[in-house]
Amino acid sequence: MNSIVTYFEKYRPKTLDEYVCDEQSRQKYQNIIDNNLSQHLLFGGEAGTGKTTLSEIICNSIDCDYLVVNGSDETSVDFIRNKIHNFITTYSFTSDLKVVIFDEMEYLSKSGQALLRKYMEDYIHLSRFILCCNELDKVIPPLKSRCSQMKLTPPKPVLVKDRLEHILKSESIEYDGMVLNNYVNVFYTPENDFRSVINELQTNCIGGKLLDTDIELNPTYQRFMELFGIMNCNFKYDWKLEEDEMSEFIQLQRENKFLVKR
């Protein structure tokens, strides 16, 4: 039986050009690559902002061997002392640089973080560490001070829509622009969850077409559309938003950046 590949995995960015972010951030990441990862990195930001994906893109763009570790699975000092130490000190036939991507490293104990800090100092001539965490305040200050820190922010909804359009076109799926707005506004905007909106998109691609989704799944967006509908009728009817409704409408748009254009 063939395994089903999700759109999220199938279209996971493999190069910096494919990575979804603003151009200023892209320039910063390109500079890291151009300088061959000259220092340790600490990526902070909420889940789903692409920290691990970006880390792997960087490693695949330079000459290095890399190891991906998940801090929620491996938290002991023994693991740091054995697996990571052995990796960064073992000779490689393919590259002079070893890189450890430590995902969700805030789960690592303080003693484990202290040992990691020692390795970052002692083996800087052999290795680099890219630390990824959701909660920067759980990282000990001595570890932070040895890294270049960057906080990754979720991409803007319009960039997410662009990526969804790329997926749909690649899959030869017919879609309506306003329907695609609904997917972004309902499934991405509340939690900035890229995986969720892509999964919902795939679920509702049926018979070569993208079905519409229920905006009631996001009550905030539903309310926004109610106000937008009233305002949009002003040219034909004598309806208009009251002052408090207009203030609510503006506030909802400011906070959520809902997409309303095709």
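1. The largest pocket in this predicted model has a volume of about 660 Å³. A pocket here is an open set of points on a 1 Å grid over the protein atoms alone, where a 1.4 Å probe fits, with protein on both sides within 12 Å along at least five of seven lines, and its lining residues have an atom within 4 Å of a point; the volume is the space filled by probe spheres set on the points. Of the 26 residues that line this largest pocket, those closest to its centre are F8, G48, T49, G50 and T53.

2. As for basis, the model is predicted, with local features needing pLDDT of at least 70 and side-chain atom pairs counting only at pLDDT 80 or more, while totals for chains, interfaces and linings use all residues. Residues are numbered from 1 along each chain as its sequence is written, and side-chain values use heavy atoms, with hydrogens and water left out.

3. The largest share of the lining of the largest pocket, four residues, is supplied by α3, where helices are DSSP runs of H or I of at least four residues and strands are runs of E of at least two, numbered from the N terminus. By residue class, the lining of the largest pocket comprises 11 nonpolar, six polar and nine charged residues.

4. The second largest pocket has a volume of about 430 Å³, and of its 24 lining residues T153, P154, P155, K156 and Y188 are the closest to its centre. The helix α2 gives the most to the lining of this second pocket, with three residues.

5. In the largest nonpolar core, which has 31 residues, L164, V197, I198, L201 and L210 touch the most other members; such a core is a set of buried Ala, Val, Leu, Ile, Met, Phe, Trp, Tyr and Cys residues joined through side-chain atoms within 4.5 Å, buried meaning under 20% relative accessible area with a 1.4 Å probe and protein chains only. The helix α8 gives the most to this core, with seven residues. Leaving aside residues up to four places away in sequence, V197 touches V160, L164, Y183, V184, F187 and Y188, contact meaning heavy atoms within 4.5 Å.

6. Strand β4 (residues 127–133) is largely enclosed by the rest of the structure, because seven of its seven residues are buried. Four bridges join β4 to strand β1 (residues 41–44), in parallel, and G44 stands opposite C133. Strand β3 (residues 98–103) also runs parallel to β4, joined by five bridges, with I130 as the bridge partner of I101; two strands pair if DSSP finds at least two bridges between them.

How values were computed
Ala, Val, Leu, Ile, Met, Phe, Trp, Tyr, Cys and Pro count as nonpolar, Asp, Glu, Lys and Arg as charged, and the others, Gly among them, as polar. Buried means under 20% relative accessible area, exposed over 50%, partly exposed in between (1.4 Å probe, protein chains only).
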